[in-house]
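Dear colleague,

I am handing over the structure below, together with some notes on what turned up when I went through it. Please read the notes with the model open beside them.

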Amino acid sequence: RRMKEWWVQLGLLGVPLLAVYLHIPPPQLSPALRSWKSSGSFFTYKDLNIFYRDSSGAVGSSDVVVLLHGFPTSSYDWSKIWEGLTQRFHRVIALDFLGFGFSDKPRPHGYSIFEQATIVEGLLRHLGLRHQRINLLSHDYGDTVAQELLHRYEHNKTGSILINSLCLSNGVLSPFSLLPKLLKDGGLLSPIIMRLMNFFFFSGGLGAVFGPYTQPSQAEYWDMWTAVRNNDGNLVMDSILQYINQRKKHRERWVGALMSTSVPLHLIYGPLDPVNPHPEFLQLYKKVLPMSTVSVLDDHISHYPQLEDPTGFLNAYLNFINSF
């Protein structure tokens, strides 16, 4: 009886505490994030606001590069190589996918790779770049969006963008397992787990896919978490995670697009990545895509190469771009 009373008391105490926790306001934007946001703009896709940045860069070049970020982060992933890219490209463009960063995060919503690809096409139409050849540079989740864009380009789909080259980075063929499998297959539990996620759980999970010598600073982790919490993004992550199932379902379509393309293809790879382990991942990649060139970064670089080794990443990318 006493045990039962104890459980009741714990429950009565727990419910208001949980209610308070779920209504903790998101962290304030750091000066760096505020600056990133203020130098960007929004365009509308089906009444939804999509954040993007579009910088004019190198004079004398007409080349355009579009950057596609990974899960669960945002366009801010490209901040360390942004300036370097503007010195080579006429325009450098990045967006926050729907459900990420500063873009809207509708719920409930059936998030899909197909819709994200359509949003990229819509952005380029909005920017007047529909007939311009585009260089795509992608990471993780963005790799799959790039593969869908490539499929549409190869099949002359209406509205598809003209792809000049595609550079993938960590996350191309295998599903991303940053968060436990439970979140993907947890049914009713996964939305609850996602709602209970806090900064420490988030930074611990994300830290596992950075190398031990290239861990983000506490401030950088807070920037990533702030971007997730913006517009209650932590409440849509379980819906976005369905992309892992989409990857399995449409694997032939998306890997097939890479296998059959004549577009110059490159991979920049951090070999310490637990998501795409070395050497198995690289062996598989080279076997499936023998025509792709590959840059392998230093041994201690992991899943976020553009943040862990921005100079090495930028050099590898520019060497690829200048090779054709």
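**What was found**

Of the 324 residues in the chain, 55% count as buried, where buried means under 20% relative accessible area, exposed means over 50%, and partly exposed lies in between, with a 1.4 Å probe and protein chains only. This is a predicted model, in which local features need pLDDT of at least 70 and side-chain atom pairs count only at pLDDT 80 or more, while totals for chains, interfaces and linings use all residues. Residues are numbered from 1 along each chain as its sequence is written, and side-chain values use heavy atoms, with hydrogens and water left out.

The average pLDDT of the chain, that is, the predictor's confidence in each residue on a scale from 0 to 100, is 90, and 85% of the residues score at least 70. Please take care with residues 174–182, where pLDDT stays under 50. The chain contains 15 helices and eight strands, which are DSSP runs numbered from the N terminus (H or I of at least four residues for helices, E of at least two for strands). If one takes the contacts (heavy atoms within 4.5 Å) between residues at least 6 apart in sequence, 79% of them join residues at least 24 apart.

In soluble globular proteins, nonpolar side chains tend to be buried together.

The aromatic residues give 22 pairs, counted when the ring centres of Phe, Tyr and Trp (its six-membered ring) lie within 6.5 Å, with planes under 30 degrees apart called stacked, over 60 edge-to-face, and the rest tilted. One of them joins Trp36 and Trp82 edge-to-face, at 5.3 Å centre to centre and with 75 degrees between the planes. Trp36 belongs to helix 2 (residues 31–38) and Trp82 to helix 3 (residues 79–86), so this pair ties together parts that are 46 residues apart in sequence. Both Trp36 and Trp82 are buried. Arg53 also lies over the face of Trp36, 4.0 Å from the ring centre, the rule for a charge over a ring being NZ of Lys or CZ of Arg within 6 Å of the ring centre and within 35 degrees of the ring normal. Elsewhere, Phe71, Phe97, Phe100, Tyr141 and Tyr243 make up one aromatic cluster.

Finally, some backbone details deserve a look. Most residues other than glycine have a negative phi, and most peptide bonds are trans. The bond from Arg107 to Pro108, however, is cis, with omega near -5 degrees, and Pro108 is found in the loop between strand 4 (91–95) and helix 4 (113–126). His278 and Pro279 are likewise joined by a cis peptide bond, with omega about 5 degrees. Lys46, although not a glycine, has a positive phi of about 50 degrees; Lys46 is placed in the loop between strand 1 (41–45) and strand 2 (48–56) and counts as exposed at 64% relative accessibility.
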